[in-house]
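Work through the exercises below with the sequence and the structure side by side. Each task is followed by a solution in steps.

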Amino acid sequence: MKSAKQARRAGVWGRGAAALGRRAGAPERRVRLGAAGGRAAERSPRASAPRRGAPRPSSPGSRSRAPRTSHQLRAKFGSASPRPHAARRGRGARRPPGMRPPGGCEVPTARLALLLLPLLVPLLGAGAPAELRVRVRLPDGQVTEESLQADSDADSISLELRKPDGTLVSFTADFKKDVKIFRALILGELEKGQSQFQALCFVTRLHRNEIIPSEAMAKLRQKNPRAVRQAEEVRGLEHLHMDIAVNFSQGGLLSPHLHNVCAEAVDAIYTRQEDVRFWVEQGVDSSVFEALPKASEQMPLPRCGQVGDRGKPCVCRYGLSLAWYPCMLKFCHSRDRLTPYKCGIRSCQKNYRFDFYVPQRQLCLWDEDP
């Protein structure tokens, strides 16, 4: 009969053999992928971890756990980033060469200015008319401010001044169309039944020697803006008989500036027959112009200053003056240069007198002289 010690030993070995037999036929267990996607690591039956809640063996005879491999550590704690420099750094950490800070572009200031220059040029007013304001002395001795604008792209010049009586006089030179436009905004006399203001427009042919080119006008500067300018040359009076009316709706065919300049003078735009012939030869449609009534032996038209009835037609006269404008370029000679060069301008004063038809004496109340 076996002793109790031998029986216990046989039972332990029996249970162990049975357990080994069951495990021999079972498939191998594998661990799941770690949180960071590490490679799977196999577990041997002896190295398998006990179930959750089961007590760990603490007997002196139990075997110690084998050290974990790097694959097992990654499976438990997650794998590290494959690029160390992509990890978050502290404020004082050193950045690898060639890298930019988060959100920074590190574009040099000069290079940034050159890149933005094409976008800033339209905002800074490139191509806008150049303006010059000068103080000028009028023929009666009074001083007023005159505005001169030059548009090189449109090849045009405009001049504007206000007379002491409040009349606003403007002059526009269109070099592309050989057209010059005079406009006068005359304050009305309300006590005589006139409107707040009356507008007149006179359109004539522009000759090249009348005023300096638009490119030269755009470059004009003055050292002392407070200085009072007086014309160096006084040109003779020009008396013009305006016997043709300009159709405002078709006026853009004559000059693109006419619609803007003469917007207040729709029914009071006048020109001359000899200028009309020149423009028609240049290709302007004749529908732009309309003939005005003329004086004849059967129906003489008197001057408005000689008409007492304000409802009768007459010939009105209006005079205006360009007190100061750059009429010529000055050329200087030098020993260092073979050809003359531009060295300044010459200023002129010019007076005009316009005679034109009005259907009522009421439209020409300023013409009091016979």
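Helices (H or I, at least four residues) and strands (E, at least two) are DSSP runs, numbered from the N terminus. The model is predicted, so local features need pLDDT of at least 70 and side-chain atom pairs count only at pLDDT 80 or more, while totals for chains, interfaces and linings use all residues. Residues are numbered from 1 along each chain as its sequence is written, and side-chain values use heavy atoms, with hydrogens and water left out.

**Exercise 1.** Describe the surroundings of Thr144.

Step 1. Locate the residue: Thr144 belongs to strand E2, residues 143–151.

Step 2. Classify its exposure. Buried means under 20% relative accessible area, exposed over 50%, and partly exposed in between (1.4 Å probe, protein chains only). Thr144 has 14% relative accessibility and therefore counts as buried.

Step 3. List its contacts, meaning heavy atoms within 4.5 Å. Leaving aside residues up to four places away in sequence, Thr144 touches Val134, Arg135, Val136, Leu138 and Arg162.

Step 4. Look at Arg162 again: its backbone oxygen lies 2.9 Å from a polar atom of the Thr144 side chain.

**Exercise 2.** Which aromatic pairs does Phe182 form with Tyr352 and Phe354?

Step 1. Set the rule. Rings of Phe, Tyr and Trp (its six-membered ring) pair if their centres lie within 6.5 Å; planes under 30 degrees apart count as stacked, over 60 as edge-to-face and the rest as tilted.

Step 2. Apply the rule to the whole structure, which gives 10 aromatic pairs. One of them is Phe182 with Tyr352, a tilted pair at 4.6 Å centre to centre with 55° between the planes. This pair links distant parts of the chain, with Phe182 in strand E5 (residues 179–187) and Tyr352 in strand E14 (residues 341–358), 170 residues apart.

Step 3. Phe182 counts as buried because its relative accessibility is 0%, and Tyr352 counts as buried because its value is 4%.

Step 4. Turn to the other partner. Phe182 and Phe354 also form a tilted pair, 5.6 Å centre to centre and 55° between the planes. Here the pair joins strands E5 and E14 across 172 residues, and both residues are buried.

Step 5. Place the residues in their group: Phe171, Phe182, Phe202, Tyr270, Tyr352, Phe354 and Phe356 form one aromatic cluster.

**Exercise 3.** What lines the largest cavity?

Step 1. Define the search. On a 1 Å grid over the protein atoms alone, a cavity is a set of points where a 1.4 Å probe fits but cannot get out; lining residues have an atom within 4 Å of a point. Grid points are joined across faces, edges and corners, and a volume is the space filled by probe spheres set on the points.

Step 2. Count and size: there is 1 cavity of 30 Å³ or more, and the largest cavity holds about 40 Å³ of space.

Step 3. Read the lining: Ala130, Glu131, Leu132, Leu148, Gln149, Ala150, Met217, Ala218, Leu220 and Arg221. Strand E1 (130–137), E2 and helix H4 (214–218) are the elements that give two or more residues to this lining.

**Exercise 4.** Is His241 buried or exposed, and which residues does it touch?

Step 1. His241 lies in strand E9, residues 238–242. With 51% relative accessibility, His241 counts as exposed.

Step 2. Not counting residues up to four places away in sequence, His241 touches Arg272 and Asp355.

Step 3. The C-alpha atoms of His241 and Tyr270 are separated by 9.4 Å, with the two residues 29 apart along the chain.

Technical notes:
Polar contact = N/O pair within 3.5 Å; in protein donor to acceptor, adjacent residues only side chain to side chain. 1 Å grid on protein atoms, 1.4 Å probe; cavity = no way out; pocket = protein on both sides within 12 Å on 5 of 7 lines; lining within 4 Å.
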